[in-house]
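Dear colleague,

I am handing over the structure we spoke about, and it is placed just below so that you can follow along. After it I set out what was found, one topic at a time.

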Amino acid sequence: MTHEITSDHRARIRAQIQSTLNAQLAAVKALQGQPVASMEAAVEIALSCPEPLIWCGVGKSGHIAQKVAASMSSLGTRSIFLHASEAMHGDLGAVHTAACVFLFSNSGKTQEILRLVPVLREYSAKLVAIVGNRDSPLSRQADVTIEARVEREADELNLAPTASALAALAVGDALACAISSAKGFTREDYSVRHPGGRLGAELTLRVGDLMRKGDEIPTVRPDSTAIEVLHEISRKRLGAACVLSTDGELLGVVTDGDIRRALESGKAVSELKACDMMNTNPRSVPPDCALVNAMQSLSFERKMLSLLPVVSLERKLLGVVWYHDAMTVGK
């Protein structure tokens with residue numbers, strides 16, 4: 001079934017989009033006014049319990065719990081998602097003694113969750129409730145309650161779990177990040193868990209694995225003319241040229257922009273040498289530099305460098321990382 005879209009429809013659509021975004025923003029802002037003591041207590045419980053942490057919910061709250069469990073695992077804490085309904089039909093086998101279980105329920109009255117509570121207590125589990133109503137049955141049975149209450153949902157009928165789901169997700173992410181920080185989780189730890197795709201490549205690759213070498217590198221001498229520099233840049237097509245001493249030491253870098261600015265100064269092109277135009281203090285990295293750090297060097301102060309020299313401790317040029325190679329790795 002299709003609907004004819006009139007100007008009235010468009011106005012209503014625009015109004016609802018804005019209303020939804022406002023409600024979602026208000027839901028997260030309201031959390032900033034909540035005391036953090038309950039979240040701190042939840043983090044302490046999580047750190048004192050054996051892994052994996054267990055994140056439990058049903059319906060939309062279940063989707064939130066599943067996402068937070070995945071984020072926790074990414075951030076260095078083994079976590080699993082437990083569907084509240086499936087738990088009573090065999091999935092309780094995933095629960096271990098003295099587990100820390102996070103229970104998501106906006107109303108705090110979800111029957112599947114409430115039926116699960118006494119069973120979890122038999123495992124000596126610690127229970128953390130993330131609810132929209134502190135005065136609820138689930139809240140009263142939990143060891144720690146985190147309130148994620150919202151004034152209203154984002155939909156026109158104030159029925160669908162929208163703002164409340166976002167608030168619960170924000171709480172879950174806050175817990176995940178706090179637990180990770182408390183455990184001293186590092187960038188290197190993160191890379192071990194994300195070996196695939198662009199993110200994994202940025203975190204695990206070193207510039208020595210990606211750099212262009214030998215004749216692929218645009219190089220000139222300090223006394224090379226502007227025409228010779230332009231020819232080398234055009235031939236190698238990397239947007240810049242490295243200026244080297246006779247023994248291969250990096251003296252500077254000349255970019256297209258450097259040549260243009262030199263010409264704008266009024267000097268004749270026949271008078272310009274590479275040493276007159278080069279940046280004598282270019283950014284460079286060693287070959288064991290992580291690609292993610294090289295990317296930060298390529299992009300700084302809202303500028304994007306075309307290439308990044310890779311040098312030894314003696315400033316000998318070993319290669320260059322071209323921004324296009326770095327931007328497309330892992331794609």
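The largest cavity has a volume of about 40 Å³, in what is a predicted model, and a search of the whole structure finds one cavity of 30 Å³ or more. Its lining is made up of Leu-31, Gln-34, Pro-35, Ser-38, Met-39, Arg-134, Ile-146 and Glu-147, a set that divides into four nonpolar, two polar and two charged residues. Helix H2 (37-48) and strand E5 (144-147) each supply at least two residues of this lining.

Two of the lining residues, Arg-134 and Glu-147, turn up again among the charged pairs, where they are linked with Arg-149 and Glu-151 in a network of salt bridges. Arg-149 counts as partly exposed at 42% relative accessibility, whereas Glu-151, at 69%, counts as exposed.

In general, side chains of opposite charge can pair when their charged atoms come close. The count for this model comes to 13 salt bridges, and two others may be of interest to you for the parts of the chain that they bring together.

Arg-12 forms a salt bridge with Glu-156, with the closest N and O atoms 2.9 Å apart. Because Arg-12 lies in helix H1 (residues 7-32) and Glu-156 in the loop between E5 and helix H7 (163-182), this pair ties together parts that are 144 residues apart in sequence. Arg-12 itself is exposed, with a relative accessible area of 54%.

The side chains of Arg-121 and Asp-143 also meet in a salt bridge, at 2.9 Å from N to O. Here Arg-121 belongs to helix H5 (residues 111-122) and Asp-143 to the loop between helix H6 (137-141) and E5, so the pair ties together parts that are 22 residues apart in sequence. Arg-121 is partly exposed, with a relative accessible area of 33%, and Asp-143 is partly exposed as well, with a value of 35%.

Turning to the aromatic rings, the count comes to two aromatic pairs. The rings of Trp-55 and Phe-102 have their centres 3.9 Å apart and their planes at 5 degrees, and the pair is therefore stacked. This pair links distant parts of the chain, since Trp-55 is in strand E1 (residues 53-57) and Phe-102 in strand E3 (residues 100-105), 47 residues apart. Trp-55 is buried, with a relative accessible area of 0%, and Phe-102 likewise counts as buried at 0%.

The rings of Trp-55 and Phe-104 have their centres 6.2 Å apart and their planes at 35 degrees, so that pair is tilted. It joins strand E1, where Trp-55 sits, to strand E3, which holds Phe-104, across 49 residues. Trp-55 is buried, and so is Phe-104. Through these ring pairs Trp-55, Phe-102 and Phe-104 are linked into a cluster.

Leaving aside its neighbours within four places in sequence, Ser-61 is in contact with Phe-104, Ser-105 and Asn-106. The C-alpha atoms of Ser-61 and Pro-161 are separated by 8.4 Å, although these two residues are 100 residues apart along the chain.

With best wishes

Terms used:
Residues numbered from 1 in each chain as written. Predicted model: local features only at pLDDT ≥ 70, side-chain atom pairs only at ≥ 80, totals over all residues. Heavy atoms only, no water. Contact = heavy atoms within 4.5 Å. 1 Å grid on protein atoms, 1.4 Å probe; cavity = no way out; pocket = protein on both sides within 12 Å on 5 of 7 lines; lining within 4 Å. Points joined across faces, edges and corners; volume = space filled by probe spheres on them. Helix = DSSP H or I, 4+ residues; strand = E, 2+ residues; numbered from the N terminus. Nonpolar A, V, L, I, M, F, W, Y, C, P; charged D, E, K, R; others polar. Salt bridge = Lys/Arg side-chain N within 4 Å of Asp/Glu carboxyl O. Buried < 20%, exposed > 50% of the residue type's maximum accessible area, 1.4 Å probe, protein only. Phe/Tyr/Trp six-rings, centres within 6.5 Å; stacked < 30°, edge-to-face > 60°.
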